[in-house]
Amino acid sequence: FVVINTDLIGRIRQISLSSGTRATRLMFWKIGINAFLDKWILGWGGENFTYAFSKFYNPQLLKFSFYETWADKPHNQLIEVAVTSGLVGLVAFLSIIIFSLYIL
């Protein structure tokens, strides 16, 4: 099996942890995890990641751009479910995935 060097593979090789996009996403994930730990049972409510982001904002995000001072999503589905619906919603979400894979 031969892997062809496509544009996508080239882009993946160029990504480093210090690049702007990767670093800001990791910071967003950390903010999301902190928000989940703050309200871990029922979460912050649907589409309320913005409030959690504001509470746990990391000023290091300003190094990348002023656009990083606001976010409506953590750019990770599991973290988003955990933040917005807490442990209850996260267990339900993972159960749906696990049972779907089991049925397949």
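A salt bridge is a side-chain nitrogen of Lys or Arg within 4 Å of a carboxyl oxygen of Asp or Glu. By that criterion the side chains of Glu47 and Lys73 in this predicted model meet in a salt bridge, at 3.2 Å from N to O. The pair links distant parts of the chain, since Glu47 sits in the loop between helix 2 and helix 3 while Lys73 sits in the loop between helix 3 and helix 4, 26 residues apart.

Lys73 also meets the side chain of Glu80 in a salt bridge, here at 3.0 Å from N to O, and salt bridges that share partners join Glu47, Lys73 and Glu80 into one network.

The structure holds 3 salt bridges, and one of them pairs Asp38 with Lys55, the closest N and O atoms being 3.0 Å apart. Asp38 lies in helix 2 and Lys55 in helix 3, so this pair ties together parts that are 17 residues apart in sequence. Asp38 itself, at 35% relative accessibility, counts as partly exposed.

Turning to the nonpolar side chains, the largest nonpolar core has 16 residues, and those with the most contacts inside it are Phe49, Phe53, Leu61 and Val83. Helix 2 (20–38), helix 3 (49–55) and helix 4 (77–103) each supply at least two residues of this core. Beyond residues up to four places away in sequence, Phe49 touches Phe28, Ile31, Gly32, Ala71, Asp72, Lys73, Pro74 and Val83.

Methods. Residues numbered from 1 in each chain as written. Predicted model: local features only at pLDDT ≥ 70, side-chain atom pairs only at ≥ 80, totals over all residues. Heavy atoms only, no water. Core = buried A, V, L, I, M, F, W, Y, C linked by side-chain atoms within 4.5 Å. Buried < 20%, exposed > 50% of the residue type's maximum accessible area, 1.4 Å probe, protein only. Helix = DSSP H or I, 4+ residues; strand = E, 2+ residues; numbered from the N terminus. Contact = heavy atoms within 4.5 Å.
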